[in-house]
Amino acid sequence: MILRLGQIELFVTDLNKSKEFYVDVLGFIEVERTEDSLYLKATDEFDKYSLILTQKPVAALGSFGLRVSTPDYLEVLKRKHDEVGIRTEFCLDSPHPGKGPSLKVAEPNGHPVEFYHSMEQIDVSNQNGGVKALPMRHTHLHRGIPPIRIDHMNLRVPNVDKALEYWNDVLGFSTSEYVQGKDGKFAAWTRAKTSTHDVALVKHKETALHHIAYTVDGIAGVVRTADLLADAGYRDSVEYGPGRHGVSNAFFLYVRDPDGHRIEIYSGDYNRDTDLAPIGWTQEDYEKNGRLWWGPTVPERFFETTPVNSEWMKSVIQR
């Protein structure tokens, strides 16, 4: 089975500027750096890293990874994709450190997805075979907010109902909430875990990324992010919020990195069993109270999006 959203790779145009923003200001932990990529983690994560920043000529969503329960489940997923005619590529050797075999997929809308099981873990042991310290027990070394863990991402798709045929029917994700428009669903929040979403799907004219999200330590952590960015000279990076979503109940702040990638700093959504019927909003309800329960007016800039990796899966022959 699919367990959760585990990793995101963003293409950035200046790795040094990105390091300053993510590591020096926000407080992501730098785990490793190569000539082209920077590997980052949040404080409470046991995985070696959850965010990859890779230098490219054009900023984009490089890919995102969903962790599965066993290595054998990669074969199950390959068969599922074969049955519905979706091309896949099995990769035994990952270009990224600490990561095992993966199954690469261009999902029906063209979003670059990678399924994996094996990922190097943070070593918490001491030389006597006991525990030295859990990952979060290094607060004396933390800077920035800091971010606690990866939470979700929000994707734009031309047709939400068609997208759900993949995310619900092929992958087995549950929908926690949705917005019903006049000509089909306008948005849906889907998940493998019990919190509100791993992957949100929202109607848009083209395939794109809207934002990635990391949780912080409560409402105070969200507000602190705005102070932190303004104090460090990144006031213009604060795009929208803080405020409260009606959908998901989360407290939020949206910020933009030096390449314009949108990051939601996030806290306080709910947990609900994945077998329960989704909560449905009308478009009118959503526009009035769903996107924003309270907070500042949504800026026009908030509807801008990030393109996706145009080279993903190009080497695989189309069926």
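The side chain of Thr190 reaches the backbone oxygen of Val199 at 2.7 Å, a polar contact being a pair of N or O atoms within 3.5 Å in which, within protein, one atom must be able to donate a hydrogen and the other to accept it, and residues adjacent in sequence count only if both atoms are side-chain atoms. The model is predicted, so that local features need pLDDT of at least 70 and side-chain atom pairs count only at pLDDT 80 or more, whereas totals for chains, interfaces and linings use all residues. Residues are numbered from 1 along each chain as its sequence is written, and side-chain values use heavy atoms, with hydrogens and water left out.

Thr190 is found in strand β11 (residues 184-191); helices (H or I, at least four residues) and strands (E, at least two) are DSSP runs numbered from the N terminus. With a relative accessible area of 0%, Thr190 is buried (buried means under 20% relative accessible area, exposed over 50%, and partly exposed in between, with a 1.4 Å probe and protein chains only). Leaving aside neighbours within four places in sequence, Thr190 is in contact (heavy atoms within 4.5 Å) with residues including Leu164, Phe173, Thr196 and Val199.

Rings of Phe, Tyr and Trp (its six-membered ring) pair if their centres lie within 6.5 Å, and planes under 30 degrees apart count as stacked, over 60 as edge-to-face and the rest as tilted. A search of the whole structure finds 17 aromatic pairs. In one of them, the rings of Phe186 and Tyr286 have centres 6.0 Å apart and planes at 50°, and the pair is therefore tilted. This pair links distant parts of the chain, with Phe186 in strand β11 and Tyr286 in helix α5 (residues 283-290), 100 residues apart. Both Phe186 and Tyr286 are buried. The rings of Phe302 and Phe303, with centres 5.9 Å apart and planes at 75°, form an edge-to-face pair. Phe302 is buried at 5% relative accessibility, whereas Phe303 is partly exposed at 34%.

Helix α5 also holds Asp285, which is partly exposed with a relative accessible area of 36%. Asp285 and Val179 are 106 residues apart in sequence and 8.5 Å apart in space, C-alpha to C-alpha. In the segment after α5 lies Thr306, which is buried at 7% relative accessibility. Not counting residues up to four places away in sequence, Thr306 touches Ala60, Leu61, Ala208, Leu209, Gly260 and His261.

Ring pairs also link Phe21, Tyr22, Phe28, Tyr214 and Tyr234 into a cluster.

Backbone geometry was examined next. Most residues other than glycine have a negative phi, and most peptide bonds are trans. The peptide bond from Ile145 to Pro146 is cis, with omega near -10°, and Pro146 is found in the loop between β8 (112-116) and β9 (149-157). A cis peptide bond also joins Gly241 and Pro242, with omega about 0°; Pro242 belongs to strand β14 (residues 238-244). In the loop between β14 and β15 (251-256) lies Ser248, a residue other than glycine whose phi is positive, near 75°. Ser248 is buried at 2% relative accessibility. Asn249, in the loop between β14 and β15, likewise has a positive phi, near 70°, but Asn249 is partly exposed at 37% relative accessibility.
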